[in-house]
Amino acid sequence: MIIEPNENMGATDSMESVALSPEESHGPELATDRPVVCEFTNTWYSYGGGEPAVEDVSFQVRKGEFAAILGPNGSGKTTLLRLALGLLKPTRGSVELFGESSARFRDWSRVGYVPQRVEGMGTRFPATVEEIVEQGLYRGFNPLAIFRRHGRKEILEALDVAGISHLRRRPIESLSVGQRQRALIARAIVGQPDLLFLDEPVSGVDAVGRDRFHELISSLNREHGMTVFLISHDIGAVMQGATVCACINRTVVFHGPPHHITGEHLSELYGFPVDVLLHDALHEHR
Amino acid sequence: MPEIFQFDFMTRALIGGSMVAILAPAFGLFIVLRRLSLIADTLSHVALMGVAIGFVTSIYPTFIALIATTSSAAGIEQLRSRGRLPGDAALAIFLYSSLAIAVIVISKSSGFNADLFGYLFGTVLSINDRDLWLIGILLLVVIVFVASFYAELTQSAFDQDLAHVSGVRVTATNLALAILTGATVTASMRVVGVLMVGALIVIPVLAALRLARGFRTALLLAIGFGLLSVWVGLAVAFYADLAAGGSIVLTTVAMFALAEVVGKAKDYFSARHGASDTGWSASTSSAQPEIDADQR
């Protein structure tokens, strides 16, 4: 079931209004005429045949959206991301990228990915920030890759957008968590993908770093026209940039524009009573 | 001409040793970064089984070892990637079963203990032309592989999931990496012996990782440390009349210690000269980004 928001709801409506009604027309903020770039249809997944980590999830991300996926720890957010990237195959249902099953999807130049952490880190991985960003320009087998460095201009641009031009010759291992995240963002955007998947780091980044991270993602969405699929746990920050939210607790609790989220949704999401204080995103933005 | 080059066996040892010194660390870099060092160790025991079978059947032992290591490597990788067994469980099964087979084969047919001793601890001084050809071919294969799949190898060493999303065929890359690890182990076995193969694959790489900033530098440094270790080790063994394998491995350890010292010194000086290009985000104050921007 795809849960659509009710268009009669205003941004400042109180908690008792619930915007969940599949029969109602689409909300104005969800431009439903745009092509779907990522789609979950009755998707189930369980690790090793145990309890399902993802249960009957259906929602779509459309071109140009900034979709924030919210949910508590262990709610299956990262599992959804891995399903979308074809790193896991759904036990039931389907996951599609650009209209093709994500397990068979091959056109990876259209997709950028920023993981929460990277396996190679902590092993003295010998690469400069520039070399890591260069990886994002991989376009299939090239026997001369060892001799050639390519895309210098693109690399510098991506570093500039990510705000880390001054770190380009630094070993990746010497960076802080927040800086590494930016290096990985530069790596993800250097090939100018249409769709950007991000798994926000849980720890190691302070409040200022987190704000700047969200500002950067918003500008990639607004100014660079990238569709964003962001896994986050920071509801406040996400409210400012996201155009659509999916609240996940194994299944979809809410899907719609962020200002339609009510306390009830969040209570259902986190399992304890939550009140919503809505900030006006535009005015609060520095 | 120095005395060391006046003996045929010494010249052959230097040629064979040098080839392995390029092969083992070049490939070892990817093995270490993928945290697969234990695979090299396991495969060396598989190689011993191959050698034992080779002796019994009177077929060229190194060749049997090559077949045993490459096929076992493929098997280990299959078990690991399908998630049937955790990585190190698969290794344990292969290590002990091949060691047990080796023990049984050796005990059933006495008479080649001296030769076997050579395979355990290295026989670089008795390396023959056939060995040199085999090592040479393996070296060529590995160089061509590393050079042409450089992008795929570095991507999957950095992160398998990221590599997948970049479009790298991760499963195929892993399989090729495992099979060639088997080949590398077999070639290195002739020089430092089954028991110390891991040292030549891992230690020069660790030394290089201490000093290198970039990937290409790390690759070249690892090969450099490998070559230096083999040359110094062989010279010491020759003039001081020591076991060549042990002398080479101890030299790699000395290289590692040297790299640590140089690395520490570099850290110290760069700290004193204020390499203060720390970026912002995770740092303390909100004023930090502007300061950094000015410094550029």
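**Exercise 1. The largest cavity**

Task: In this predicted model, find which elements of chain A and chain B each supply at least two residues of the lining of the largest cavity, and describe that lining by class.

Solution. Begin with the elements: β6 (111–114) and α4 (177–189) of chain A, together with α8 of chain B, each supply at least two residues of the lining of the largest cavity. Sorted by class, the lining of the largest cavity has eight nonpolar, five polar and two charged residues. The space inside the largest cavity comes to about 120 Å³.

**Exercise 2. The second largest cavity**

Task: State how many cavities of 30 Å³ or more a search of the whole structure finds, and describe the second largest cavity by its volume.

Solution. The search of the whole structure finds two cavities of 30 Å³ or more. The second largest cavity has a volume of about 70 Å³. Ten residues line the second largest cavity, and the closest to its centre are A:Gln181, A:Pro201, A:Val205, A:Gly209 and A:Phe213. In terms of elements, α4 and α5 (207–222) of chain A each supply at least two residues of this lining, which by class has three nonpolar, four polar and three charged residues.

**Exercise 3. The largest pocket**

Task: Determine how much space lies in the largest pocket, and which residues that line the largest pocket are the closest to its centre.

Solution. The largest pocket holds about 1200 Å³ of space. It is lined by 39 residues, of which A:Leu87, B:Asp161, B:His164, B:Val170 and B:Thr171 are the closest to its centre. Chain B contributes α3 (61–81), α7 (150–158), α8 (160–166) and α9 (170–192), each of which supplies at least two residues of the lining. By class, the lining of the largest pocket has twelve nonpolar, 14 polar and 13 charged residues.

**Exercise 4. A pair of packed helices**

Task: Describe how helix α10 and helix α11 of chain B pack, giving the angle and how far apart their axes are.

Solution. Helix α10 (residues 197–211) and helix α11 (residues 215–240) of chain B pack at an angle of about 135°, and their axes are 8 Å apart. An angle over 145 degrees would count as roughly antiparallel and one from 65 to 115 as roughly perpendicular, and α10(B) and α11(B) are therefore oblique to each other. The crossing of α10(B) and α11(B) is right-handed. Where they meet, α10(B) brings residues including B:Pro204, B:Leu209 and B:Leu211, while α11(B) brings residues including B:Leu221, B:Phe225 and B:Gly226. By class, this contact has ten nonpolar, one polar and no charged residues.

Key:
Residues are numbered from 1 along each chain as its sequence is written. Chains are lettered from A and ligands numbered from 1 in the order in which they are written. This is a predicted model: local features need pLDDT of at least 70, side-chain atom pairs count only at pLDDT 80 or more; totals for chains, interfaces and linings use all residues. Side-chain values use heavy atoms; hydrogens and water are left out. Axes are lines fitted to C-alpha atoms, for helices over the stretch in contact, and angles run from 0 to 180 degrees between N-to-C directions. Helices (H or I, at least four residues) and strands (E, at least two) are DSSP runs, numbered from the N terminus. Angles under 35 degrees count as roughly parallel, over 145 as roughly antiparallel, 65 to 115 as roughly perpendicular and the rest as oblique. A crossing is left-handed if the near helix is turned anticlockwise from the far one by less than a right angle, and right-handed if clockwise. Contact means heavy atoms within 4.5 Å. Ala, Val, Leu, Ile, Met, Phe, Trp, Tyr, Cys and Pro count as nonpolar, Asp, Glu, Lys and Arg as charged, and the others, Gly among them, as polar. On a 1 Å grid over the protein atoms alone, a cavity is a set of points where a 1.4 Å probe fits but cannot get out, and a pocket is an open set with protein on both sides within 12 Å along at least five of seven lines; lining residues have an atom within 4 Å of a point. Grid points are joined across faces, edges and corners, and a volume is the space filled by probe spheres set on the points.
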